[in-house]
Amino acid sequence: MAHMVFCSKYKQELEGLDEPPFDSDFGNKIYNTVSKKAWGEWIERQKMLLNEYRLQPWTPQAQEFLVEQMNEFFYGSGGELPKEYVAPTA
């Protein structure tokens, strides 16, 4: 049976992640409150942030920034896009 959660992003019961994304309290919080759908959207947002801000994900500063953005994305106002960001056109 699928792991179901009340998604903090979509405010409805949806299929959750297969396992916590991190071995931490924050990872467990995500596992228990974020759907696969919302997590997939975060992965795309994270890629955009890494590219737009030219972040090096192995640095502690980038990791701290991404955790702050992730927290805002799932549990806050949704997070803001970089001012210079231009959405790709299809």
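The model is predicted, so local features need pLDDT of at least 70 and side-chain atom pairs pLDDT 80 or more, while totals for chains, interfaces and linings use all residues. Residues are numbered from 1 along each chain as its sequence is written, and side-chain values use heavy atoms, without hydrogens and water.

**Helix pair**
- Helix H2 (residues 36–52) packs against helix H3 (residues 60–75) at about 140°, with the axes 11 Å apart; helices are DSSP runs (H or I, at least four residues) and strands are E runs of at least two.
- Axes are lines fitted to C-alpha atoms over the stretch in contact, and angles run from 0 to 180 degrees between N-to-C directions.
- Contacts (heavy atoms within 4.5 Å) join Ala38, Trp39, Glu41, Trp42, Arg45, Gln46, Leu49 and Leu50 in H2 to Leu66, Gln69, Met70, Phe73 and Phe74 in H3.

**Nonpolar core**
- The largest nonpolar core has 17 residues, and those with the most contacts inside it include Trp39, Trp42, Met70 and Phe74.
- H2 supplies the largest share of this core, six residues.

**Serine 8**
- Serine 8 lies in the loop between strand S1 (4–6) and strand S2 (13–15).
- Serine 8 counts as buried because its relative accessibility is 12%, the limit being under 20% with a 1.4 Å probe and protein chains only.

How values were computed
A nonpolar core is a set of buried Ala, Val, Leu, Ile, Met, Phe, Trp, Tyr and Cys residues joined through side-chain atoms within 4.5 Å. Buried means under 20% relative accessible area, exposed over 50%, partly exposed in between (1.4 Å probe, protein chains only).
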